[in-house]
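Trainee: I've got a model open and I'd like to learn how to read it. Could you walk me through it?

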Amino acid sequence: MLVVDDVATNRLLLRAKLSSAYYDVVVAENGTQALEMARREQPDMVMLDVMMPDMDGFAVCEALKASSETAHIPVIMVTALDTPEERIRGLEAGADDFLSKPFNDLALFARVRNLMRMKMMFDELRLRDMTSRELGIVDLVPEPEVGIEASGAILLAPPNPGDGHVWAGQLRRRLAVPTIVTHSEREALNLARMELPDCFVVHQSLAEGGDGLRLVSALRSRPETRQAAVILVVENGDVQTAAKGLDLGASDYIESPFDVSELIARIRSQLRRKRYSDRLRTNLRNGLKLAVTDPLTGIYNRRYASQHMNRVMERARDTDGVFAVMMIDLDKFKSINDRHGHDAGDAVLREFSRRLQENIRGVDLVARFGGEEFFVAMPDVDQRAAAHAAERIRRAVEGAPVALPGGGEVKVTVSIGVAIATASDLDAEAIIKRADTALYSSKEAGRNRVSFFAKAA
């Protein structure tokens, strides 16, 4: 993380706060130095003071966002002037967030965690995009345009109908985007499913006794709304609710009463971010469909997974991190084909692929290696987290039978082998082989279980 401030005391204070939370921090004392360090160090985040002598923070932020080398790095702008005008100017310069001095530690770390999660997601999408380009499948994704006119609807979930009417009127006058107002938590979820809005503005206390935090959590948990922007509206000074909202998946928050211009600036910022991630996903989906996906299940094939493993290993070396690899095999799959036919076997493979994808993170990679054998790569996952994930997958498969095309159903279980790799591991095939050895151990021990590769003493 890069901290930029021309006042040494401020740099030391912020560095101490972030270092106490185990973030690696480098510092710069002016804008010129910050731009050079951002290009050289490629930090996960930049915390940027507004008032500096050579270049102010707005100019530095604009320069960071204008460069292809640094545009993807989240920027938090920091100022002692807590005014809507300052925040709007920062957001329009490309800042991802805004903090006011003196810092509230709860708000600071909630903002940092939220943007770190966002950065991790974008890094993974960019990593996959790079893999695809190296395979000669897709072109570089251009940076998103500033406008939001092509965006979908904005859904407003206010605390009462009166506020909803005011919010909608203000936004409709300023944005060429459809606006929908909902009057209950249940109605919001139903409308979200039907309308698929690009952005939600959710008050912490909804009409008819609804809970805004519960709605945020539900929106993030549902596949159809998971990628939408969510802005939480909190009552003035309620930092605890704001922090909890960010941890539950809100993209941003704004304090009420708010300046509508600031809300619009935050909506524009979130929609730009969403359009960029949508463009990355569309590029990958369209470009990879025939070349590197399995036609039956729609997930990646071995060719893509083998290339992607090199990127996962590079990332582990860059961060001195760990990652997990799983090999998964459907138990006694041949008997399903023999007893019920190949159409039934195909249905089982498709349903298993669906359950598998529902039980891994968005940053994880799942691939079909052939037949009934599947592969999962999980960046930044240690043995404990991998064990939880593998067991979750095993239970999801065992927990419900699979419906067959001609009627009836069949119970399915899986055996899973897991290997944990570190930055020192240099051979992708050797890591996969270790996971395969662990898979064989699960088979030998009676199937329907999870085994870890055990290194020889």
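Trainee: In which sense do strand β13 and strand β14 pair, and over how many bridges?

Mentor: Keep in mind that this is a predicted model. Now the general idea: strands in a sheet are joined by backbone hydrogen bonds, and the pairing is either parallel or antiparallel. Here, β13 (residues 365–370) and β14 (residues 373–379) are antiparallel partners, with five bridges between them. To find your place, look for V366, which stands opposite V376 in β14.

Trainee: What is the strand order of the open sheet?

Mentor: Reading across its six strands, you get β11-β13-β14-β12-β17-β18, and the pairing is mixed. The edge strands are β11 (300–301) and β18 (450–452), each of which pairs on one side only.

Trainee: Which helix packs on that sheet?

Mentor: That's α15, residues 428–444. Helix α15 touches β12, β13, β14, β17 and β18, and its direction makes about 145° with that of β17.

Trainee: Let's zoom in on β12. How many bridges does β12 form with β17, and how many with β14?

Mentor: With β17 there are nine bridges, in the antiparallel sense. With β14 there are seven, also antiparallel. Two pairs to click on: I328 sits across from I416 in β17, while V325 has A377 in β14 as its bridge partner.

Trainee: How many of the residues of β12 are buried?

Mentor: Eight of its nine, so "buried" here meaning under 20% relative accessible area. The strand is mostly covered.

Trainee: Which residues are buried in helix α4?

Mentor: Go to residues 84–92: E86, R87, I88, G90 and L91 are buried there. Just after α4 comes G94, with a positive phi of about 110°.

Trainee: What lines the largest pocket?

Mentor: There are 47 lining residues, and R226, Q227, R281, G362 and V363 lie nearest the centre. By type, the lining splits into 19 nonpolar, 13 polar and 15 charged residues.

Trainee: Which element gives the most to that lining?

Mentor: α10 does, with 10 residues. Elements that each supply at least two lining residues include α5 (105–134), α13 (342–358) and β13.

Definitions and conventions:
Residues numbered from 1 in each chain as written. Predicted model: local features only at pLDDT ≥ 70, side-chain atom pairs only at ≥ 80, totals over all residues. Heavy atoms only, no water. Pairing = 2+ DSSP bridges. Helix = DSSP H or I, 4+ residues; strand = E, 2+ residues; numbered from the N terminus. Contact = heavy atoms within 4.5 Å. Axes fitted to C-alpha atoms, helices over the stretch in contact; angles between N-to-C directions. Buried < 20%, exposed > 50% of the residue type's maximum accessible area, 1.4 Å probe, protein only. 1 Å grid on protein atoms, 1.4 Å probe; cavity = no way out; pocket = protein on both sides within 12 Å on 5 of 7 lines; lining within 4 Å. Nonpolar A, V, L, I, M, F, W, Y, C, P; charged D, E, K, R; others polar.
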